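Hi there,

Here is the structure I promised to pass on to you. Have a look at it first, and my notes on what turned up follow just below.

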Amino acid sequence: MPELPRLLLVNGPNLNLLGVREPDKYGTETLASVEAMVAAHATNRGLAVDAVQSNHEGVLLDAIHAARTTHAGVVINPGAFTHTSVALRDALLGVALPVVEVHISNVHAREAFRHHSYISDMAVAVIAGAGTQGYRFAVDVLAERLASHS
Ligand code: DQA
């Protein structure tokens, strides 16, 4: 059987605390259950997923670099690095993989410093405020795109 195309699911700082962290904004689902949900959904769409979460910017950059030749796209919730990290932007540009940016909360309805993203203008799509379902929608966007580009 040929191997399924792989997506890299990247979650940035503090997303390891999903489920306990500010549940009014981020819900009660844990990161492990989000990752399992994304993997199951990707399987239905004929894709495989590798998941990484880190609170360390360099670990995220290394994971993105490593995906350059092995993965077909990136689903990323960069957490607070969304609003601060030129390095993360450059890593995503550097590997030239299609990127979908996900935010569980609607960042545009929150503090002004969350309105700017270093990623959005280079992303295929940005999904914000759909809760953890946003990750599923991101898989759909990449699945459609990969199907139409293959
Ligand atoms: C977040 C929004 C960011 O502003 C915040 O720093 C996060 C989570 C979201 O998923 O809504 O850590 O990316």
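The lining of the largest pocket divides into five nonpolar, five polar and three charged residues. Please keep in mind that this is a predicted model. In total 13 residues line the largest pocket, and those nearest its centre are Arg21, Tyr26, Gly79, Ala80 and Arg114. Its volume comes to about 150 Å³.

And what takes up the space of the largest pocket? The ligand does. Around the ligand you will find Arg21, Tyr26, Asn77, Gly79, Ala80, His83, His103, Ile104, Ser105, Val107 and Arg114. Sorted by class, this shell has four nonpolar, five polar and two charged residues.

- Arg21 places a polar side-chain atom 3.0 Å from an oxygen atom of the ligand.
- His83 also has a polar side-chain atom by a ligand oxygen, at 2.7 Å.
- Ile104 uses its backbone instead: an N or O atom there lies 2.8 Å from an oxygen atom of the ligand.

On its own, the ligand has 320 Å² of accessible area, and the protein covers 99% of that.

Best wishes

Key. Residues are numbered from 1 along each chain as its sequence is written. This is a predicted model: local features need pLDDT of at least 70, side-chain atom pairs count only at pLDDT 80 or more; totals for chains, interfaces and linings use all residues. Side-chain values use heavy atoms; hydrogens and water are left out. A residue is near a molecule or strand if one of its heavy atoms lies within 4 Å of it. A polar contact is a pair of N or O atoms within 3.5 Å; within protein, one must be able to donate a hydrogen and the other to accept it, and residues adjacent in sequence count only if both atoms are side-chain atoms. Accessible areas come from the Shrake-Rupley method with a 1.4 Å probe; for residues, only the protein chains shown count as cover. On a 1 Å grid over the protein atoms alone, a cavity is a set of points where a 1.4 Å probe fits but cannot get out, and a pocket is an open set with protein on both sides within 12 Å along at least five of seven lines; lining residues have an atom within 4 Å of a point. A molecule sits in a cavity or pocket if more than half of its atoms lie within 2 Å of its grid points. Ala, Val, Leu, Ile, Met, Phe, Trp, Tyr, Cys and Pro count as nonpolar, Asp, Glu, Lys and Arg as charged, and the others, Gly among them, as polar. Grid points are joined across faces, edges and corners, and a volume is the space filled by probe spheres set on the points.
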